[in-house]
Amino acid sequence: MNFIEKIIAGFQAVLSFLGNIFSNVFDFFGDVFQKLFDIIAKPLQLLFDLLEAIFFFFLKLFEIGVMIIKIFTAFFQYVYALGQGIFRTISSWSHISVSKGTSFPSASGQGFNAVIEILQPTGLMTVVPIVATAFLWLFFVIKILGLLGGDISVSPFKSGGGEK
Amino acid sequence: MKNFIISLFNPVLTWLNSIYTNLREASVPAARPIDLSQYLGIFGYLGPSWTTFITTGFLLGSIYLIVYMVVVNRGLLIKFKDLIKWW
């Protein structure tokens with residue numbers, strides 16, 4: 001019994017000795033690493049700041065690129081809207097309505113009515129516009145035919161026939 | 001450093017942003033057609049015959065303009081056709 005206890009005590013002593021050694025070694029290395037980190041921390045911080053600044057710079061550049069692309073899309077939308085507006089205006093000419101009653105001030109309205117009543121029997125309000133409409137049709141028919149024909153040039157209101 | 005970069009880029013960014021918003025706002029009124037009917041009410045006084053003359057003139061003018069656009073862009077149409085054929 002006594003012998004075994006002695007052996008155990010010896011083992012414990014050896015183990016504690018080894019433990020002391022290892023703890024000292026670890027403390028030593030811990031101190032070394034701590035010092036190392038303390039030395040390195042400052043330049044690492046600087047490097048990190050520099051990298052962050054560079055990446056932030058590129059982020060801003062990227063934002064500007066995105067903005068320019070957005071401006072281009074908005075510009076194309078604007079051009080498309082402009083073309084759409086022109087096309088809608090032209091197509092709205094095909095169903096125009098004049099009969100929207102404008103009310104003149106009383107005196108000028110009476111004057112207009114008087115003039116129109118005087119002009120009524122002369123045919124200026126009935127016959128002349130119908131003839132003018134017929135000429136308009138003729139003019140546009142010739143114009144559109146000339147347009148579709150390409151190099152055919154028609155001049156409807158010149159003295160027709162002989163020359164060209 | 002970050003503040004310096006922000007101060008460097010922010011004027012450009014705000015300028016581009018204002019261009020973008022202005023363009024976005026301008027494209028809405030540009031798409032609206034001009035209603036000529038609102039300006040031709042005076043000719044209602046001249047009676048139905050002159051009214052038909054005016055409306056016929058505008059109708060034929062619009063047809064002429066559309067045909068003119070098609071004829072002028074004939075080369076474009078042919079190019080498009082060739083492109084499809086090549087494809």
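Me: Setting aside residues up to four places away in sequence, what does B:Ile54 touch?
Reply: B:Ile54 touches A:Val98, B:Leu40 and B:Phe43, where contact means heavy atoms within 4.5 Å. Some ground rules first. This is a predicted model, where local features need pLDDT of at least 70, side-chain atom pairs count only at pLDDT 80 or more, and totals for chains, interfaces and linings use all residues; side-chain values use heavy atoms, with hydrogens and water left out. Residues are numbered from 1 along each chain as its sequence is written, while chains are lettered from A and ligands numbered from 1 in the order in which they are written.

Me: Why is B:Ile54 called buried?
Reply: Buried means under 20% relative accessible area, exposed means over 50%, and partly exposed is in between (1.4 Å probe, protein chains only). B:Ile54 has 15%, so it counts as buried. It belongs to helix H2 of chain B. Its C-alpha atom is 9.2 Å from that of B:Leu40, 14 residues apart along the chain.

Me: And what makes B:Tyr64 partly exposed?
Reply: Its relative accessibility is 21%, so B:Tyr64 goes into the partly exposed class. This tyrosine also sits in helix H2 (residues 48-72) of chain B. Leaving aside neighbours within four places in sequence, B:Tyr64 contacts A:Phe140, A:Lys143, A:Ile144 and A:Leu147.

Me: How do you know what pattern chain B follows along its sequence?
Reply: Helices (H or I, at least four residues) and strands (E, at least two) are DSSP runs, numbered from the N terminus. Chain B has three helices and zero strands, giving α-α-α. As for burial, 29% of the 87 residues of chain B count as buried, and in chain A the figure is 16% of 164.

Me: What makes a set of residues a nonpolar core?
Reply: The members must be buried Ala, Val, Leu, Ile, Met, Phe, Trp, Tyr or Cys, joined through side-chain atoms within 4.5 Å. The largest such core has 12 residues, including A:Phe56, A:Ile64, B:Phe9 and B:Leu16. H1 of chain A and helix H1 (2-30) of chain B each supply at least two of its residues. A second, separate core of six residues includes A:Trp93, A:Ile96, A:Val98 and B:Leu36.

Me: Why do A:Glu63 and A:Lys60 count as a salt bridge?
Reply: The rule wants a side-chain nitrogen of Lys or Arg within 4 Å of a carboxyl oxygen of Asp or Glu. A:Glu63 and A:Lys60 come in at 3.8 Å, N to O. Being three residues apart in helix H1 of chain A, they are separated by about one helical turn. A:Lys60 is buried at 9%, whereas A:Glu63 is partly exposed at 32%. Over all chains the count is one salt bridge, and between chain A and chain B it is zero.

Me: How many residue pairs are in polar contact across the interface of chain A and chain B?
Reply: Four, with both residues at pLDDT 80 or more. A polar contact is a pair of N or O atoms within 3.5 Å; within protein, one must be able to donate a hydrogen and the other to accept it, and residues adjacent in sequence count only if both atoms are side-chain atoms. Take B:Ser37: a polar atom of its side chain lies 3.4 Å from the backbone nitrogen of A:Ser97. B:Ser37 is in the loop between H1 and H2 of chain B, and its 5% relative accessibility makes it buried.
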